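I opened my notebook to record what I looked up in this structure, one entry at a time.

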Amino acid sequence: MGRIGLAFRSFFAILFTGNLPVDVAKALGFTQARAPSAAKPTAAPQAKPSDGALQILGILQRDSRLVDFLMEDISGYADDQVGAAVRNLHDQCRESLGRYLRLTPVIDGVEGTFTKLDTNDPAVVKLLGNVPANGKAPGGLLRHKGWRAEKIDLPPIAASQNAAIIAPAEIEVE
């Protein structure tokens, strides 16, 4: 009769309260469910390699309106107007780059002079002109020094920030 009594108690307790009484659960060999542990903290979204590129583009837009300039059709402006705009833009972009990056030449030499190659790595040196079939040359005329990011010091991106937004739209409310 004990099992039938437990069955009736269980049935009506669940029907009216939605819970199984603790003493009935123990008698039936059930253990009390543990309270769910505190919610696991969600991991911060992983930064993608493109985030840094988008961030520096956003900085150049914020500080000098570089993207606005590049996206604008300047064919209708006179050369002296474009030149005046570019001088200011150049100064602002250079200052922004200097604030967040330290750029150094890949090869620190005088352009137009013969330069001996230390490496033939195509990521470091781009060979131009009459390149040997094996792709290796002892040296050649330095046409461009190249640039290397020696130090990058970008501010952290907030977890709530969408890195794909270079510059937010601006709405003036009247």
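My opening entry asks how the residues of the lining of the largest pocket divide into nonpolar, polar and charged. I found twelve nonpolar, six polar and three charged, where Ala, Val, Leu, Ile, Met, Phe, Trp, Tyr, Cys and Pro count as nonpolar, Asp, Glu, Lys and Arg as charged, and the others, Gly among them, as polar. I noted that a pocket is an open set of points on a 1 Å grid over the protein atoms alone, where a 1.4 Å probe fits, with protein on both sides within 12 Å along at least five of seven lines, and that lining residues have an atom within 4 Å of a point.

Before going on, I wrote down that this is a predicted model, in which local features need pLDDT of at least 70, side-chain atom pairs count only at pLDDT 80 or more, and totals for chains, interfaces and linings use all residues. Residues are numbered from 1 along each chain as its sequence is written, and side-chain values use heavy atoms, with hydrogens and water left out.

Returning to the pocket, I saw that 21 residues line it, with Val125, Lys126, Leu127, Leu128 and Leu141 nearest its centre.

Next I looked up Thr104, which sits in strand S1 (residues 101-105), a strand being a DSSP run (E, at least two residues) numbered from the N terminus. Thr104 is buried because its relative accessible area is 16%, and buried means under 20% (1.4 Å probe, protein chains only). Leaving out residues up to four places away in sequence, Thr104 touches Gly146, Trp147, Arg148 and Glu150, contact meaning heavy atoms within 4.5 Å.

Finally, I checked pLDDT, the predictor's confidence in each residue, from 0 to 100, and found that the protein chain averages 85.

Notes. Helix = DSSP H or I, 4+ residues; strand = E, 2+ residues; numbered from the N terminus. Buried < 20%, exposed > 50% of the residue type's maximum accessible area, 1.4 Å probe, protein only.
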